[in-house]
Amino acid sequence: MGRAFQNRKESMAKTAAAKTKVYSKYGREIYVVAKQGGTDPAGNLSLRGLIERAKKDQVPSHVIDKALDKASGVGGEDFSPARYEGFGPGNCMVIVDCLTDNPNRTFGDVRACFNKAKSKLGTPGTVSHMFDHCAILAFGGDDEEAALEALMEADVDVTDIESEDGHITVFAPHTEYAKAKQALLDAFGEIDFEVDEIQFVPQTTTPVKGDDVAMFEKLLDTLNDLDDVQNVFHNADVEADQG
């Protein structure tokens, strides 16, 4: 599981949007998470993790503060999550997570990206059953047993735990995110998490090669350019050009 996740992270890094897009996506996500669970990071672990991640990605504090101010006020934009699933070039599986204030516009935009890349948007559930919806927490350390023990004592349903090159990575169902993170913080004190996210991790990968590679990259680029798109998950194993 870990390597597939790492490969996907690397492929996403290559298609990362410009800084302003990153700021806008974080601002929107912070607004929604704060609106749902409160604007105090101490009492909203999801918000706390999100703000830490934003700071690591060098999102300016004024962007974070503005999103929190919006969330604490009444009214404001009304963003809701939307998820789209389909098949990309080479028949790879793709999940697109959005935050939108206009679902019809977002659906049309996402469908256009799929059509341009000769790909097919499906119905909800088309491919998501082939992914694990995971909370992933990674941090420096090598005492895998102590980490597992802390999680078990907190009654966290751990899916997998890996220890490699001085890093421990914990995988748990997405519903266990807050409980797993709190258990690790209680056991080890303040942790500088290298990964602190909820992700769709593919159970299998699909090779994408030849002409499909350019089409696949086009699909990722156009999706990442949409303001409403927060995350794109896929199971593509892109083969490097041998030429």
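What follows is a chat about ring pairs and salt bridges in this predicted model. Residues are numbered from 1 along each chain as its sequence is written, and side-chain values use heavy atoms, with hydrogens and water left out. Local features need pLDDT of at least 70 and side-chain atom pairs count only at pLDDT 80 or more, while totals for chains, interfaces and linings use all residues.

Visitor: How many aromatic pairs does the count come to?
Guide: Rings of Phe, Tyr and Trp (its six-membered ring) pair if their centres lie within 6.5 Å; planes under 30 degrees apart count as stacked, over 60 as edge-to-face and the rest as tilted. By that rule, the count is 6.

Visitor: Take Phe-131 and Phe-200: stacked or edge-to-face?
Guide: Their ring centres sit 6.4 Å apart. The planes make an angle of 85°, and over 60 degrees is the edge-to-face class. So this pair is edge-to-face.

Visitor: How many residues apart in sequence are the parts that Phe-131 and Phe-200 tie together?
Guide: Helices (H or I, at least four residues) and strands (E, at least two) are DSSP runs, numbered from the N terminus. Phe-131 is in strand 4 (residues 131–140) and Phe-200 in strand 7 (residues 195–202), so the parts tied together are 69 residues apart.

Visitor: Is Phe-200 buried or exposed?
Guide: Buried means under 20% relative accessible area, exposed over 50%, partly exposed in between (1.4 Å probe, protein chains only). Phe-200 comes in at 4%, so the label is buried.

Visitor: Which residue joins Phe-131 and Phe-200 in a cluster?
Guide: Ring pairs do the linking here. Besides Phe-131 and Phe-200, the cluster holds Phe-233.

Visitor: On to charges: how many salt bridges does a search of the whole structure find?
Guide: A salt bridge is a side-chain nitrogen of Lys or Arg within 4 Å of a carboxyl oxygen of Asp or Glu. Searching the whole structure gives 12.

Visitor: Which residue does Asp-228 meet in a salt bridge?
Guide: Asp-228 sits in the loop between helix 8 (211–224) and strand 9 (229–234), and its partner is in helix 2 (residues 19–37), 200 residues apart. The N to O distance is 2.7 Å, and the residue is Arg-28.

Visitor: And Asp-192, buried or exposed?
Guide: Asp-192 forms a salt bridge with Lys-56, with the closest N and O atoms 3.2 Å apart. Lys-56 is partly exposed at 46%. Asp-192 has a relative accessible area of 59%, so the label is exposed.
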